[in-house]
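Biologist: Please take me through the model shown below, stating the cut-offs as each term comes up.

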Amino acid sequence: MAMEAMRAVQILNPSGEVTMPRPERTRVMCVANQKGGVGKTTTTVNLAVALALHGNRVLVVDLDPQGNASTGLNVPHHTGVPDVYDCLIDSVPLEEVAQGVEGIPNLWCVPATIDLAGAEIELVSVVARESRLSRAIAAYPGQFDYVFIDCPPSLGLLTVNALVAAQEVLIPIQCEYYALEGLNQLINNINLVRKHLNPALEVSTILLTMYDRRTRLADAVEQDVRNHFGDKVLQAVIPRNVRVSEAPSYGQSVMTYDPGSRGATSYFAAAQEIAERGVKEPVSRNG
């Protein structure tokens, strides 16, 4: 219990000190995988909270019509709330729809409402449809250390907007066989976006999620991913953990819901690794 309490204090960082290094320039990271249920939203929310608790200024852009990242950060996203749809379709400035996350001073969220479900169709006829989000982020007057974009589980125009806006792609990969099957298609799409729309884009980070240490399959998948992607794969691995699943039902990340749990400790380690990599390998500012 004492160890758990120590971990909780380390993760919550009640002093508010900057304990994770801040990058020299804004890192815009797109969290993408067209397969659903691999932990994209959970990863976005928990990494954002971990970095914000440790002194980084973080913006989360919820680009999934389900609005799960907004739910996980306890940000209102019912019909009528100004959201990312207004930015993409009506060119409303991002700062007008961004909301501060309660209890976490350095964290803001641009919510997604159900209106976003129609954006895929409406964007087809919009001028410069692939770069609407990129322009909105570039025009934001505030200075962020990190911008995380939570993508929908598809490779449509919303995901393309995220890939054009970002410099880095973070791919969560579930430690199961099917998780590897759609990966080639995702990499191909990223390469197409890099070639035609965003030359600065790169797959910078792979995070293994839902790791079950009791199965040989999880070990085999981990080995395959590490052999294929090398240093891009974080050393931190996210285990299957009931606390991670419970936290969103309370409108919280696992970092604040149960900071002493294995899930919180693992996401904290992943955030620390991402922060340290950002200092070693500075990336160019978006816009």
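**Loops, cores and overall form**

Biologist: Between which two elements is the loop that holds Pro65?

Modeller: This is a predicted model, in which local features need pLDDT of at least 70 and side-chain atom pairs count only at pLDDT 80 or more, while totals for chains, interfaces and linings use all residues. Residues are numbered from 1 along each chain as its sequence is written, and side-chain values use heavy atoms, with hydrogens and water left out. With helices (H or I, at least four residues) and strands (E, at least two) taken as DSSP runs numbered from the N terminus, the loop of Pro65 runs between β2 (58-62) and α3 (68-72).

Biologist: What is the C-alpha to C-alpha distance between Pro65 and Pro111?

Modeller: Contact here means heavy atoms within 4.5 Å, and, with residues up to four places away in sequence left out, Pro65 touches Thr113, Ile114, Leu116, Ala117, Pro152 and Leu158. Pro111 is 46 residues from Pro65 along the sequence, and the C-alpha separation of the two is 9.4 Å.

Biologist: How many residues does the second, separate core have?

Modeller: Among the members of this second core, which is separate, are Val60, Val254, Ala264 and Ala270. Its number of residues is 39.

Biologist: Is Thr159 buried or exposed?

Modeller: Thr159 lies in helix α8, and, apart from residues up to four places away in sequence, it touches Cys151, Pro152 and Ser154. Because its relative accessible area is 2%, Thr159 counts as buried.

Biologist: Which residues does Leu59 contact, leaving aside its neighbours within four places in sequence?

Modeller: Leu59 is one of the residues with the most contacts inside the largest core. With those sequence neighbours set aside, its contacts are Leu94, Ala98, Trp108, Cys109, Val110, Phe144, Tyr146, Val147 and Phe148.

Biologist: What is the relative accessible area of Ser91?

Modeller: Ser91 is found in the loop between α4 (84-90) and α5 (94-97), and its phi is near 60°, a positive value in a residue other than glycine. Ser91 is partly exposed, since its relative accessible area is 47%.

Biologist: What is the phi of Ala128?

Modeller: Ala128 lies in the loop between α6 (119-123) and α7 (132-138), and it is partly exposed, with a relative accessible area of 26%. Although Ala128 is not a glycine, its phi is positive, at about 50°.

Biologist: How far apart in space are Ile238 and Gly55, C-alpha to C-alpha?

Modeller: Ile238 sits in the loop between α11 (216-229) and α12 (242-246), and it is buried because its relative accessible area is 3%. Its contacts, leaving aside neighbours within four places in sequence, include Leu207, Met210 and Tyr267. In sequence, Ile238 and Gly55 are 183 residues apart, and the distance between their C-alpha atoms is 23 Å.

Biologist: What is the radius of gyration of the protein chain?

Modeller: The radius is taken over C-alpha atoms, and the globule rule is 2.2 Å times the number of residues to the power 0.38. The C-alpha trace spans about 55 × 40 × 35 Å along its principal axes, and the chain comes to 14 helices and seven strands. Because a compact globule of 287 residues would have a radius of gyration near 19 Å, there is agreement with the value of the protein chain, which is 18 Å.

Technical notes
A nonpolar core is a set of buried Ala, Val, Leu, Ile, Met, Phe, Trp, Tyr and Cys residues joined through side-chain atoms within 4.5 Å. Buried means under 20% relative accessible area, exposed over 50%, partly exposed in between (1.4 Å probe, protein chains only).
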